[in-house]
Number of protein chains: 2
Amino acid sequence: MNAPLPPTALPLVEPRPVPPAMLGALREHFGERCSTALAVREQHGRDESPFPVTPPEVVVFCESTDDVAAAVTLAAEHAVPVIAFGTGSSLEGHLMAVQGGVSVDVARMTQIVRLNAEDLTVTVQAGVTREQLNREIKDQGLFFPIDPGANASLGGMAATRASGTNAVRYGTMRENVLGLTVVTASGEVIRTGTRARKSSAGYDLTRLFVGSEGTLGVITEVTLKLYPLPEAVSAAICHFPSIDAAVQATMQTIQMGVPIARCELLDVNAVRAVNAQSKLGLRESPMLLMEFHGSAAGVKEQAETVQALASELGGEDFEWASTPEERTRLWTARHKAYFAGMQMSPGCRTVTTDTCVPISRLAEILNASVADADACGLPYYIVGHVGDGNFHLAYLVKEGDAAQRAVAEDLSAQMVQRAIALEGTCSGEHGIGLHKMGFLVDEAGAGAVAMMRSIKLALDPKNIMNPGKIFTL
Amino acid sequence: MNAPLPPTALPLVEPRPVPPAMLGALREHFGERCSTALAVREQHGRDESPFPVTPPEVVVFCESTDDVAAAVTLAAEHAVPVIAFGTGSSLEGHLMAVQGGVSVDVARMTQIVRLNAEDLTVTVQAGVTREQLNREIKDQGLFFPIDPGANASLGGMAATRASGTNAVRYGTMRENVLGLTVVTASGEVIRTGTRARKSSAGYDLTRLFVGSEGTLGVITEVTLKLYPLPEAVSAAICHFPSIDAAVQATMQTIQMGVPIARCELLDVNAVRAVNAQSKLGLRESPMLLMEFHGSAAGVKEQAETVQALASELGGEDFEWASTPEERTRLWTARHKAYFAGMQMSPGCRTVTTDTCVPISRLAEILNASVADADACGLPYYIVGHVGDGNFHLAYLVKEGDAAQRAVAEDLSAQMVQRAIALEGTCSGEHGIGLHKMGFLVDEAGAGAVAMMRSIKLALDPKNIMNPGKIFTL
C-alpha cells in the first residue's frame, strides 16, 4: 500500500526559476496582466485542499488562446513549469506550484464562443463557469447538467474530469465534452474532436485531456453537449432510519433502471450541520435528496416507483418540491453541506475522501467507513453522489494538529484500499493531484501508471505542464 | 485535401518477416493453434472493405490473455507486426497485414468472465460477440445495446469505437466500456479502469485504447455497462415524401429531447433492395425506423410526440410493432439492408461512406450527397443512424472497374470535405484503418495527428502493433 502524501510534506523538487529574459518577455506581452505581487502569487498557489500555500513565481492573466500560447511558448523555451488556474476550487493540491513557474490564469476567458442551440452544443472559453453558462443558455430552453458543487470553470472541470450531483443521469465531463482547444507543451494550438455527437476518427485525444489535470497541455476552449430543460422536474427529500436503508433504496433505484437525475445522501452529521447553519428544520436522520426529470407523466411515474421502494425500506417524511423556489430550498441543504460541515468545528480543515465503487458494494464500504469514523473520535460528516456509488467522508481536523491529521489520513487510506478491493476507484471526481499519487499506483498498477508516464513524456518532454501532479517522473 | 487511399494501391512497406526462431517458439506455445496455411492466412488478411487480401505470415488462435501476451512478447522480441483479429467484420482495411507479421486471433476467447447483474456490469473475453453476450444475459433481464449491425466481437467493437442503431440513446463503445485488459506492445498485461461508473484517477487509458484500432496494444478483456431490458419497447416504420422530410422529423425529435432509442433512415433504394430480397412489401419511399424504450406510459408518450411531428412533415403509413416478433420483422429491413443493397448489382463491391455531422447539418449534407449520387450514375443506397447525424451512402461499383471506383471514391472524398466543413467527422463509427488516413489529417489537423503519432511511438516504439493503420509513421 502506498501512503497518501502528508499535506505538510510537499515533494518540492528543485524549483525551476523564471529567468529574467522570460519575465521580461511575459511583461512585454501581458503588460499589467503579468504580476509577481506576493498576494497574487499566493492566491494562485492554493486550492481547496489542506496543502500549504505554494505560490508560483509569476501569474499571467490570459484573455485568449493566443495569450496562453504565448505564455506556454516562453515557458517551453525556458523549461519553466506552467500551471493553469481557473477558479481555484480543486481539492487535491492540483494548483500547488511545487516546482515554481508561471500560473496561467484563464478566469478572464469568459466568452461563450458559439452556442448552437439547434445541435445542443456550445463552445466556451475555459474560464466560463458552469453557473455563467447556465445563465446564458437558459433563455434557449437549455442547460448544462454537470454540477460539482463549486462554481468551477469549465476548463478546470474538464481538466479534473469533474462530475457531481447530476452525473447519475447525465454522465460526467468524460461523457459531455465533445471537443477541446488545447495549447500543447510546445505552445502549439490543436483542436480535438468535432461538433458531431460521435466519431471513430483516430485516438480519442479529447478524453486523454479530460482528466489530465493540466499535465499534458492547457485547455483553452471546451465544446460541450447541452440538454433541453426538462418539461417537468420534481425533487424530494426522504428520511431513513439508517445510512444502510438509504443506500439500499439507492441501489434498488439504480438496479431497476429508474432514470433518476440526482440521488444524494446526507448523513445525520451533515443534516445537523446544515440545520445549524441554515435553519432548515430538517429531521436529523440520514436522508436522500432526489430529483426526477422528464415529462410530467414520466416524472410522476419515476417518483412513485422510488417512493414505493423507499417506503418499504423505512423511508418516510417525504417532502416534495416541484416549483423552482421549493427545489432551491431543498437543494440548499446539499449545496451548503460542505461549508456548513466545516463550521461544525471552527478553525478546522477537512480531510475529504472521494472513493467510488460499483453500486452493489456501496452499502459495504459506507457501513465500514461509518464504523471506522465513529470509532476514531474525530468529527466527520458524509455527503455522497450515491447514485454513482460515490461519496465523500469529510474528517474535521484541527489546523496544525499532526496527530489528528494522521488519524484522518490513515482512515482515508484504509477506505481507499477497501474501495480498490471492491473494484472501485480512489477518486470518483476530485482527481489525483498531489494527494493521491500513491493511491493511483495501488489502483491502476505500476504498469498502467508507467504507461501514463510514457504518454506524459512523449507530449511534454521537458516536464513543464503542471509537473509533479498525478505521478512523479 | 488528402485523397483517400485507393484500395488497389496498398502502402506496402518492406514486410518484416517472422524469423524461424519466432515461428518455432509460436509453434511450441500454440501447437495446432498456430497456422501458416494459406487459406487460414488469407482468411485473416481481409475484412469487409474492398482492399485486396493481404495475408499475415502466421496466425495464432488465442484462448487467453496469457496466449496473447506470449505471442506479443515474441513479436516484440523479433520486431514483427501483430494484428488482432476478432470476427473480421471491420470496414476500412484494419486487418490487412500490410507489413506482414502475426495475426492474433481472439475469436476463441468467448468466456463471459464475470457477470455482475447487481451492478449492471459484465467482463467478457475479447472474442465474445454482441449476440452471444445478449443471449447470455437475457435471463437476468439485461441487455447490451451497442449494435453495429454485424455480429462483431466486443474486443473489435472496442478497438474501432463502434456504435450503431442504439447509439442515439445509449451512446457508443466510448460511453459503454468501463475497463479493459490490454496486452501492451512489450507483451505486458495491464488493466485500465475499474467497475465503478466513474473515476477521476489518472489518464483515461480506457478511452485511449477504445478506438485505437489495435495500434497501441491488444484488447483481451472488456468490462461493459449493461442496461435493464426496458419494461416496454415499441417500434415503428414511417414513410416520408422525401429524404429531407425524414431528416427534418429526425432533427426535431432530437432537438426536443425525446429519448428515442433508435432512429434509422432507409432511402428509397435501400427500401427497394430489401423488398426485392425479403419480400417485405414496404412502400417504396424514404422511411424511418424508430424504436422507443421505457415504461409503457413513457413509450406511448414518446411515440405520440414523434408521430405528431412526423405527420406534420408528411410522414404517413405508420406501422407499429410492440411484440418481439413484429419488431423483428420491421428490423429485418434495416439489418438486411447491407447485403440486400449489394445484391442490387451482383458482382459489385461497395464504397461506403461514414460521415457524421451535428444534427442541424444533416439535411444539408444528405441533400447534397443525394444530388451528387443521382448525378454520377452509379447505383447507390443510403442507410443511416440519423439520430446521431451519421449515415452511410454505399456506392456499388463493378469489381475491378477502376473508373467506377474512382468516381465513387471522389464523391466519398467530397462528402468528407463537406462533413468537415460542417464541423463533423469523416468517420462516425467505422474508424480510419487504411482507407481514411488522409481524411484524418484533413479533419484533426496535422498537429493533432502528430500528437497521436507521439503517443503511438511512446507506447509502441518498435511500431509492431497493427502498423500502417490510422497514420503512417
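**Exercise 1. Find which residues of α9(B) meet which residues of α11(B), and describe how the two helices pack.**

Solution. Start with the contacts, where two residues count as touching if their C-beta atoms, placed from the backbone, lie within 7 Å. Ala249(B), Gln252(B) and Thr253(B) of α9(B) meet Val306(B), Leu309(B) and Ala310(B) of α11(B). Sorted by class, this contact has four nonpolar, two polar and no charged residues, where Ala, Val, Leu, Ile, Met, Phe, Trp, Tyr, Cys and Pro count as nonpolar, Asp, Glu, Lys and Arg as charged, and the others, Gly among them, as polar.

Before going on, note that this is a predicted model, in which local features need pLDDT of at least 70 and side-chain atom pairs count only at pLDDT 80 or more, while totals for chains, interfaces and linings use all residues. Residues are numbered from 1 along each chain as its sequence is written, and chains are lettered from A and ligands numbered from 1 in the order in which they are written.

Next, take the geometry: helix α9 (residues 243-255) of chain B packs against α11(B) at an angle of about 145°, and their axes are 9 Å apart. Axes are lines fitted to C-alpha atoms, for helices over the stretch in contact, and angles run from 0 to 180 degrees between N-to-C directions. Helices (H or I, at least four residues) and strands (E, at least two) are DSSP runs, numbered from the N terminus.

**Exercise 2. Determine the strand order of the open sheet in chain B, and find which strands stand at its edges.**

Solution. First, read the order, which is β15-β12-β14-β13-β17-β18-β16 (chain B) for the seven strands, with antiparallel pairing; two strands pair if DSSP finds at least two bridges between them. At the edges stand β15 (316-321) and β16 (348-352) of chain B, each with a single partner strand, so one side of each has no neighbour in the sheet. From one strand to the next, the twist averages 20°.

Then look at one pair: β12 (residues 232-239) and β14 (residues 287-294) of chain B are joined in the antiparallel sense over eight bridges, and His239(B) has Met287(B) in β14(B) as its bridge partner.

**Exercise 3. Work out how α1(A) and α3(A) are oriented, and which residues join them.**

Solution. Helix α1 (residues 20-30) and helix α3 (residues 65-78) of chain A pack at about 170°, with axes 10 Å apart. That makes α1(A) roughly antiparallel to α3(A), since angles under 35 degrees count as roughly parallel, over 145 as roughly antiparallel, 65 to 115 as roughly perpendicular and the rest as oblique. On the α1(A) side, Met22(A), Ala25(A), Leu26(A) and His29(A) meet Ala70(A), Ala71(A), Leu74(A) and His78(A) of α3(A).

**Exercise 4. Describe how chains A and B are related and how they meet.**

Solution. The contact takes 74 residues from chain B and 73 residues from chain A, and α17(B) gives the largest share of the chain B side, nine residues. Because 99% of the interface residues of chain B are also interface residues in chain A, the copies meet through the same surface.

Conventions: Least-squares fit on C-alpha atoms with pLDDT ≥ 70 in both.
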